[in-house]
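Have a look at the model first, then we'll go through the calls one at a time.

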Amino acid sequence: MKVIASSLRKGNIVDLDGRLYVVLTAENIHPGKGTPVTQLDMRRLSDGVKSSQRYKTTDQVERAHVEEREYQYLYQDGDGFHFMNMESYEQVAAPEDVIGDLAVYLQPEMKCKLSVHEGVVVAIELPQRVVLEVVETEPAMKGQTASSSYKPAVLSNGLRTGVPPHVGVGTRIVVSTADGTYVERAKD
């Protein structure tokens, strides 16, 4: 199906000359003079080669038909990351390069949205927030009450982030999967 270039977003799959590409970044540029353009950074699904393309914002681009469905994360092994379709109980394996940096957030039984094109996983969308436990942090300093001062902490998945002074070891916190930042204390 053809769509205008300016409507493409991160994670969309496009078909260029019979090859599939996943959009890594899509930026609409409006210069003071001249025609607005859309800058796309993409990765070819077949071999992982990255490329950049510029289109006029009104150019038509072929968007590939991709099935998006909710899957449950099971485990990781040498073949990649394994997920199960909750309706048919069919399992699919996602290669490590598709998951990338998001692998640290995967937890057993976590529900994720996978984009599947002809039986191959091409993209993943995690929940916006995950609950993790603080395993290492500095003790709170007396008189350190400024809400904007964060201290470094190591979480149960190995991720390093900044947490408020009142958060100690063993505290469960909510973390944003977009950038790994502290959101709030877990309410459980």
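A: Start with the burial labels: buried means under 20% relative accessible area, exposed means over 50%, and partly exposed is in between, using a 1.4 Å probe and protein chains only. This is a predicted model, where local features need pLDDT of at least 70, side-chain atom pairs count only at pLDDT 80 or more, and totals for chains, interfaces and linings use all residues. Residues are numbered from 1 along each chain as its sequence is written, and side-chain values use heavy atoms, with hydrogens and water left out.

Q: Where is Val135, and what does Val135 touch?
A: Val135 is part of strand β12, residues 129-137 (strands are DSSP runs of E with at least two residues, helices are runs of H or I with at least four, and both are numbered from the N terminus). Not counting residues up to four places away in sequence, Val135 touches Val154, Leu155, Ser156 and Val169, where contact means heavy atoms within 4.5 Å.

Q: Why does Asn12 count as buried?
A: Asn12 has a relative accessible area of 12%, and the buried label needs a value under 20%, so Asn12 counts as buried. Asn12 is found in the loop between β1 (2-4) and β2. Leaving aside neighbours within four places in sequence, Asn12 is in contact with Ser7, Tyr21, Val22, Val23 and Arg63.

Q: What makes the pair of Asn12 and Arg9 a polar contact?
A: A polar atom of the Asn12 side chain lies 2.7 Å from the backbone nitrogen of Arg9. The rule asks for a pair of N or O atoms within 3.5 Å; within protein, one must be able to donate a hydrogen and the other to accept it, and residues adjacent in sequence count only if both atoms are side-chain atoms.

Q: How many salt bridges does a search of the whole structure find?
A: Two. Lys187 is exposed at 71%, whereas Glu184 is partly exposed at 28%.

Q: What makes Asp17 and Glu109 exposed?
A: Asp17 has a relative accessible area of 83% and Glu109 has 60%; the exposed label needs over 50%, so both get that label. Asp17 lies in the loop between β2 (13-16) and β3 (19-29), and Glu109 in the loop between α1 (96-99) and β10 (111-117). Neither is a glycine, yet phi is positive in both: about 55 degrees for Asp17 and near 70 degrees for Glu109.

Conventions. A salt bridge is a side-chain nitrogen of Lys or Arg within 4 Å of a carboxyl oxygen of Asp or Glu.
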